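Me: Hi! Could you walk me through this one? I'd like to go bit by bit.

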Amino acid sequence: MISTQATLDEQPIPIREAGEERLRDGHGRAITDLRLSVTDRCNYRCVYCRTGTDGAQYEDLPLAEYVRMVRLFVSLGIEKIRFTGGEPLLRQGLAELIREVAGMRPRFSDGELDLALTTNGHLLEQMAGPLKAAGLQRITVSMDAVDDATMTRITRVPGSFERVLAGIRAAQAAGLGVVKVNCVLLRGFNDSQIEAFAEFSRAEGVIVRFIEFMPLEEPSAEDNGRSWSPERVVGMDEIIARLERVRPLRALPANHASETARRFTFDDGRGEIGIIAPVTHPFCGHCSRIRVTSDGKLRTCLFSQSDHDLAGRMARGASDDELRQWIRGVVQHKEARHHIGEPGFLKPSRSMVHIGG
Ligand code: SAM
C-alpha cells in the first residue's frame with residue numbers, strides 16, 4: 001500500500017449511477033486508454049528522442065498522486081493504463097504503484113483493468129518478475145536495432161543491445177504476455193534492420209512493431225541528420241515491400257477498433273509484425289487515448305499545443321468530484337486529429353520523452 005496522506009484520504013471508486021456516461025470527447029469517441037508517465041528521467045539518449053540535453057526537464061510526483069489520478073480516471077471509464085516515461089523502470093516504487101492500480105476495477109465493464117508498460121528494457125531483466133507479481137499484464141520494449149553497433153549508435157549507451165535482449169527474454173519467461181518490440185525506423189540510421197527484425201520476431205516469438213518516425217523534436221544545432229524530415233521517415237508501404245522479400249506476408253485482423261497497428265504474419269504463420277503509420281496512414285479517427293505527464297499535466301493528444309494542470313488542481317485542494325467534472329470538460333476539447341504533413345503543422349509543446357510515449 002502506498003501509505004501517504006493522499007492515499008489514506010482517498011475515496012473508493014464510487015458506485016456507478018444508472019445512466020451515468022463514460023468519458024467521451026467532443027467527437028463522440030469513448031476515452032478508455034490512459035498513458036501515465038511516472039518519471040521524466042531516462043537512462044538512454046536515443047538520437048532522435050532526447051536532444052543533447054541530458055537529464056529530466058520536468059519533476060516526478062509522489063506515487064500517491066499518480067494513484068489518485070488513476071483512480072479518478074478509472075471512475076470515469078478508463079480501462080487500459082500504460083505506464084511509461086522517460087524510462088519508467090527508473091522510478092522507485094513502480095511495482096507498488098502497479099500493485100495499487102491492479103487492485104482497482106473498471107467501472108463500465110466487468111473484469112480487470114488492462115495494465116501495460118513501455119520500457120527501453122535496460123533494467124528489465126531484474127524487474128520483469130517483480131512487475132508481473134505486482135499485477136502488470138503486458139510489456140512493450142522499445143528496441144531500434146538487433147545488432148550491437150547500430151543499437152549503440154542510436155541509444156548512445158554501449159552494450160544496450162545485449163541488455164535489452166536479456167530483458168525481453170526475462171519478460172517472456174516471467175509471463176508478461178507475448179512481448180511487443182517497438183522499433184522506430186529512421187532512414188540512414190536503422191532502416192537496414194527491417195529484414196533482421198523479421199527474423200528476430202520469428203526466432204524470439206515476439207511481436208515486432210515498426211513505427212513511423214514522427215515530428216516531435218525541434219531540430220537541434222548538433223543535428224547530425226537525425227532531425228525529422230519527410231525523407232527520414234520509412235513509410236508503411238516501403239516496410240511492407242521489404243518484408244515481402246523475406247517471406248510472403250499474410251494480413252491479420254485488428255484486435256479492436258482503436259488498434260493502431262496494421263498486423264501481419266508470414267505465410268508459414270511464424271512471427272508477427274505490426275506497422276504503426278501515424279505519418280503515412282493516420283489513425284486518429286478511432287483515438288481513445290489521453291496522457292498524463294510525469295509532472296501531472298493532462299494532454300489530450302500527443303501533438304497538443306498545450307496541457308492542462310491536473311496536479312496543480314489537486315495541490316490546491318480540488319475534490320474528486322470537482323476534478324472529474326474538470327477532466328470531462330478538458331476531454332471534450334480533445335483534438336480531432338494531428339496535422340503532420342499539412343501546411344502550418346506545429347510540433348507539440350513537448351517531445352515524446354517528456355510527454356510519455
Ligand atoms: N523509455 C521508454 C521506452 O523507451 O519505451 C518509454 C518512453 S519512449 C519516449 C517511448 C517510445 O517513443 C519509444 O519507443 C521511442 O522510440 C518512441 N519515440 C520517441 N520519439 C519518437 C518519434 N519522434 N517518433 C516516433 N516514436 C518516437
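Me: Which residue in β8 is the bridge partner of Leu-252?
Reply: That's Arg-263. This is a predicted model, by the way. Leu-252 belongs to β7, which covers 249–252, and β7 pairs with β8 in the antiparallel sense over four bridges.

Me: Nice. What about β8 and β9, how many bridges join them?
Reply: Five, between β8 at residues 261–266 and β9 at residues 272–276, and the two strands run antiparallel. Arg-262 stands opposite Ile-275, while Phe-264 faces Ile-273 across the pairing.

Me: And what sits between those two strands?
Reply: Five residues, with β8 and β9 forming a hairpin around them. Gly-269 lies in the turn and has a positive phi of about 80°.

Me: OK, zooming out: what is the strand order in the sheet?
Reply: The order is β7-β8-β9-β6-β5-β4-β3-β2-β1-β10-β11-β12. That makes an open sheet of twelve strands with mixed pairing.

Me: Which strands stand at the edges?
Reply: β7 and β12, the latter being 308–309. Each has a single partner strand, so one side of each has no neighbour in the sheet.

Me: Switching to the ligand. Which residues come nearest?
Reply: Asn-120, Ser-142, Met-214, Met-352 and Gly-357, out of 19 residues around the ligand. Elements giving two or more residues to that shell are β3 (114–119), β5 (180–185) and α11 (352–355).

Me: How does the shell divide into nonpolar, polar and charged?
Reply: Ten of its residues are nonpolar, eight are polar and one is charged.

Me: Now helices. At what angle do α7 and α8 pack?
Reply: About 60°, with the axes 9 Å apart; α7 spans residues 194–204 and α8 spans residues 236–246. The two helices are therefore oblique to each other, and the crossing is right-handed.

Me: Who meets whom there?
Reply: From α7 you have Ile-194, Glu-195 and Ala-198, and from α8 Ile-239, Arg-242, Leu-243 and Val-246. Sorted by class, this contact has five nonpolar residues, two charged and no polar ones.

Me: And α2 with α3, are they parallel or antiparallel?
Reply: Roughly parallel. Helix α2 (residues 63–76) and helix α3 (residues 94–102) pack at an angle of about 25°, and an angle under 35 degrees counts as roughly parallel. Their axes are 10 Å apart, and α2 passes α3 in a right-handed crossing.

Me: Which residues make that contact?
Reply: Leu-63, Tyr-66, Val-67 and Val-70 come from α2, and Glu-96, Leu-97, Glu-100 and Val-101 from α3. That gives six nonpolar, two charged and no polar residues.

Me: Last one: how do α3 and α4 cross?
Reply: At roughly 25°, with the axes coming within 8 Å; α4 is residues 124–134. That makes α3 roughly parallel to α4, and this crossing is right-handed.

Me: Which residues of α3 make the contact with α4?
Reply: Ala-95, Ile-98, Arg-99 and Ala-102 do, and the α4 side brings Pro-130, Leu-131 and Ala-134. By class the α3 and α4 contact has six nonpolar residues, one charged and no polar ones.

Conventions
Residues numbered from 1 in each chain as written. Predicted model: local features only at pLDDT ≥ 70, side-chain atom pairs only at ≥ 80, totals over all residues. Near = placed C-beta within 6 Å. Nonpolar A, V, L, I, M, F, W, Y, C, P; charged D, E, K, R; others polar. Axes fitted to C-alpha atoms, helices over the stretch in contact; angles between N-to-C directions. Parallel < 35°, antiparallel > 145°, perpendicular 65-115°, else oblique. Left-handed = near helix turned anticlockwise from the far one by under 90°. Contact = placed C-beta atoms within 7 Å. Pairing = 2+ DSSP bridges.
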